[in-house]
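Look over the model first, then read on.

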Amino acid sequence: MDTKKVLSDDIPLKPDKLRFILVLLFVFTLPFDRFYTSLILILLIVTSFLDLSITKIKNIPKQIWIFQLVFFLGCLGYIYSYNKGEAGFILERQLAILAFPLILPLAITFNSHKKELVFKTLTISCILSILYLFINILYIIKIGHLPIRYMFSKEFFNHAFSAPIGIHAGYLSLYVSLSTLYLVKLITTNIILIKKTIILLCIGILCAGQFFLASRNAIFSTIFIICFIYPFFYVKRKLLFFGVIIVLLIVFFTAMSKINYLNDRFSSDLITDINTSRDSDYSYEGAEPRIERWKGAWELVTKSPLIGYGTGDEILMLKTKYVEKELFISYLESFNAHNQYLSYLLKNGIIGLLIFLGAFIYYLKLAIRKKDFMYISFLTLLLIGFFTENILDANKGIYFFAFFNTFLGYSIIKSETKNTSPGKFSDLTKE
């Protein structure tokens, strides 16, 4: 009888385990071509419906709509959009935001062990990606018979660094930042010296990658989290901690100042990007500063402040301002606002932005209530990143938000539900 019971208990777990492997594969392929992540997502959806049951449907949290809210905002903007073709294309890309909150509770169960495996998978993937990119640099230098110092030229930084794996440097930086923060958290646990040494080596690889990715957003966000959020969770001797951090920051920024590209990117280019003055001698090298696009976007917002212009009309409307302000590179490249908050003001107006911010306030309250460092860090990376990128308009940003926000948020909701109703939900958190 006992043997039969064990077998009957094991059988239902097999599809769950197989789908969790697909989840790990999805996370692992995030830094690579979106073809792989899209394919795995489709497989996850299909396999989730193979053994669909009423019990599984009841396991979907009632808060599901809050995790899908960004998609619903897009649908709302579609109704009064002028450019419905583009609006439909955006909604198609954002389908992951609708799908993950529905599919994940049907596909897998949530527990702390799986959460650790997800972050370890992302971290391994990021480390392998960064190592490959460095090997690529060394290979180019070797076949080109170039001096090793040439690797610090601008030809190998930012988008040029991430180009071999076909991903925008800003999005790879987000993945690397989250992985780095996970390792920093991990090193505080009671592990043997050799494991701590390996973790420190991995942190070094990721930091070197972040150095070459040169994403100001991700670097400043990571520094902010380590300096102002991390100490509240894991640091007891705060004075010593801040002393070490100050020394590391001095070394880091001194090293950056010695490299011409990074010195310009984190000083003169940064100042130019946010400079509000524009006199007769004002000139650009490359794309126009973000501040000029932001000014044009704000002028459009003031003309339709409550509901905006609709999903899909952001770039179309911005182009009218690009012509007016002679921002010809922005016009030809069809740049968006490069600010998620301004983007929602343009698409959905003040009402839409307040709904958008309300959703993130809920996510933050959830993370803070559970004192979940990784969820707080993830949300902080996004909220800071939103100031300079339309993260939720690009596939890699959409997948990153849709998966981790759902996975981390649902993990908290399920754990709280288990604590309040252990008899009903104990099966959800079995290893």
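Which residues form a nonpolar patch on the surface? They are Leu306, Ile307, Ile350, Ile351, Leu354, Ile355, Leu357 and Ile361, with about 690 Å² of accessible area together. This is a predicted model: local features need pLDDT of at least 70, side-chain atom pairs count only at pLDDT 80 or more, and totals for chains, interfaces and linings use all residues. Residues are numbered from 1 along each chain as its sequence is written, and side-chain values use heavy atoms, with hydrogens and water left out.

**Surface patch**
- Accessible areas come from the Shrake-Rupley method with a 1.4 Å probe.
- Isoleucine 350 is found in helix α20 (residues 340-370); helices are DSSP runs (H or I, at least four residues).
- Isoleucine 350 is partly exposed, at 39% relative accessible area; buried means under 20%, exposed over 50%, partly exposed in between.

**Second largest pocket**
- The second largest pocket holds about 960 Å³ of space.
- A pocket is an open set of points on a 1 Å grid where a 1.4 Å probe fits, with protein on both sides within 12 Å along at least five of seven lines; lining residues have an atom within 4 Å of a point.
- Of its 27 lining residues, Val184, Ile226, Phe241, Ile245 and Leu248 are the closest to the centre.
- α14 gives the most to this lining, with eight residues.

**Histidine 159**
- Histidine 159 lies in helix α10 (residues 159-162).
- Its relative accessible area is 39%, so histidine 159 is partly exposed.

Note on methods: Points joined across faces, edges and corners; volume = space filled by probe spheres on them. Helix = DSSP H or I, 4+ residues; strand = E, 2+ residues; numbered from the N terminus. Patch = residues over 30% accessible without salt bridge, like charges linked within 9 Å, V, L, I, M, F, W, Y side chains within 5 Å. Salt bridge = Lys/Arg side-chain N within 4 Å of Asp/Glu carboxyl O. Buried < 20%, exposed > 50% of the residue type's maximum accessible area, 1.4 Å probe, protein only.
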